[in-house]
Amino acid sequence: MKRIALLGAKGQLGSDIHRALKENSQFEVITITREMLNVENTEIIIPVLEKLGRIDVLINCTAFHNTEQCEADPLKALVINSIAVLRMAAYCKQNKTLFIHFSTDYVFDGSKQAPYTEEDRVSPLNAYGSSKAAGEEAIAAYLDTYFIFRVSSLFGEAGASGKGGNFVETMIRLSKQGKPISVVQDVIMSPTHTRDVAEMVRAFLEQEITAYGVYHCSGEGACSWYELAAETFAICGIACETTPILNSAYAAKVRRPLYSVLDNSKLNRIYPMKSWQSALAQYLQLKGHVNISGGEKE
């Protein structure tokens with residue numbers, strides 16, 4: 001029996017990972033919610049984890065990921081995304097525990113204009129990206145047995161607690177208001193279904209993969225936010241007036257990479273990721289927005 005501690009078990013990603021791991025009877029999953037451990041209180045992380053007894057794998061799905069809030073409170077971003085992660089890595093080193101952590105495409109600045117590989121140098125543009133990059137460095141400095149999975153533009157059934165849902169749900173909600181929608185067309189990324197990430201994690205643990213290090217894990221392919229909205233409406237059969245606009249039209253409070261597509265080649269040799277289009281279609285079916293046969297569900 002493999003004992004797995006899952007931090008952030010109620011979040012958008014954590015809830016899907018919990019669901020996926022429960023399907024394997026050889027895994028004992030210990031869920032740790034914010035009420036049980038607020039990682040902002042970094043001093044208690046190791047003592048709380050020590051009380052759990054033997055832990056074979058620690059999975060960290062906690063993060064302070066609202067980019068505007070991170071910019072307003074960079075110290076909190078550093079504490080949750082870097083210092084807390086360092087404490088977790090220290091625990092894993094002391095207890096010979098495998099550490100699985102999630103990072104972000106926002107560690108890159110978008111200047112490459114070609115899919116980013118794990119070997120590309122990080123160069124974050126904002127406080128969120130900087131704090132996540134520092135968390136990655138902390139893990140690599142402490143541990144040899146770890147997986148860092150960089151993910152991108154997540155959408156999942158639970159929604160992101162810090163963001164009040166996800167982009168796909170926001171588009172569907174706005175479409176029902178009967179007003180034209182303007183969506184950015186010059187920011188390019190790789191949308192990712194959290195269920196696909198969760199199933200990848202389960203596969204890595206089931207296969208006992210030992211090729212440790214950093215992996216890119218996103219929906220295969222690339223699109224703009226406008227294209228993601230258009231594909232969502234097409235799959236759901238929603239008629240909605242949607243206008244593409246430039247990112248510069250927004251008075252953004254945070255600098256974001258205009259291109260942050262992740263190259264999954266390294267991961268795909270172990271676990272092939274779905275295209276973002278098929279992942280989106282699966283998500284919309286799971287959420288009940290479309291019937292299996294296609295078309296909008298009333």
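**Close-up views of a predicted model**

**View 1. T194 sits in helix α7.** Helices here are DSSP runs of H or I with at least four residues, strands are E runs of at least two, and both are numbered from the N terminus. This is a predicted model, in which local features need pLDDT of at least 70 and side-chain atom pairs count only at pLDDT 80 or more, while totals for chains, interfaces and linings use all residues. Residues are numbered from 1 along each chain as its sequence is written, and side-chain values use heavy atoms, with hydrogens and water left out. With a relative accessibility of 0%, T194 counts as buried; that word means under 20% relative accessible area, whereas exposed means over 50% and partly exposed lies in between (1.4 Å probe, protein chains only). Leaving aside residues up to four places away in sequence, T194 touches Q12, L13, D16, L154, F155, G156 and E157. Contact means heavy atoms within 4.5 Å.

**View 2. Helix α7 (residues 194-206) is mostly covered.** Of its 13 residues, 11 are buried, among them R195, D196, M200 and F204. The expected span of a helix is 1.5 Å times one less than its number of residues.

**View 3. Just after α7, E208 takes a positive phi.** Most residues other than glycine have a negative phi. Phi of E208, a residue other than glycine, is near 50°. E208 belongs to the loop between α7 and β10 (213-216), and is exposed, with a relative accessible area of 55%. You can look for another case at S153, which is not a glycine but has a positive phi of about 45°. S153 is in the loop between β5 (146-151) and β6 (154-155).

**View 4. M273 lies in the loop between α9 (265-268) and α10 (276-286).** M273 is buried, with a relative accessible area of 9%. Not counting residues up to four places away in sequence, M273 touches D196, C217, S218, E220, N264, L267 and N268. The C-alpha atoms of M273 and I80 are separated by 28 Å, and the two residues are 193 residues apart along the chain.

**View 5. Helices α4 (residues 74-95) and α5 (residues 127-142) come within 8 Å of each other, axis to axis.** Two packed helices are described by the angle between their axes and the distance between the axes. Axes are lines fitted to C-alpha atoms, for helices over the stretch in contact, and angles run from 0 to 180 degrees between N-to-C directions. The α4 and α5 axes cross at roughly 15°, so the two helices are roughly parallel (angles under 35 degrees; over 145 is roughly antiparallel, 65 to 115 roughly perpendicular, and the rest oblique). Their crossing is right-handed, which means that the near helix is turned clockwise from the far one by less than a right angle. Residues in the contact include L78, V85 and A89 of α4 and Y128, A134 and I139 of α5. By class, the contact has 13 nonpolar, four polar and two charged residues. Ala, Val, Leu, Ile, Met, Phe, Trp, Tyr, Cys and Pro count as nonpolar, Asp, Glu, Lys and Arg as charged, and the others, Gly among them, as polar.

**View 6. Helix α8 (residues 225-236) packs with α10 at an angle of about 50°.** Their axes are 10 Å apart, and the helices are oblique to each other. This crossing of α8 and α10 is right-handed. Among the residues in contact are L228 and I235 of α8 and W276 and L280 of α10. The contact has seven nonpolar, two polar and two charged residues.
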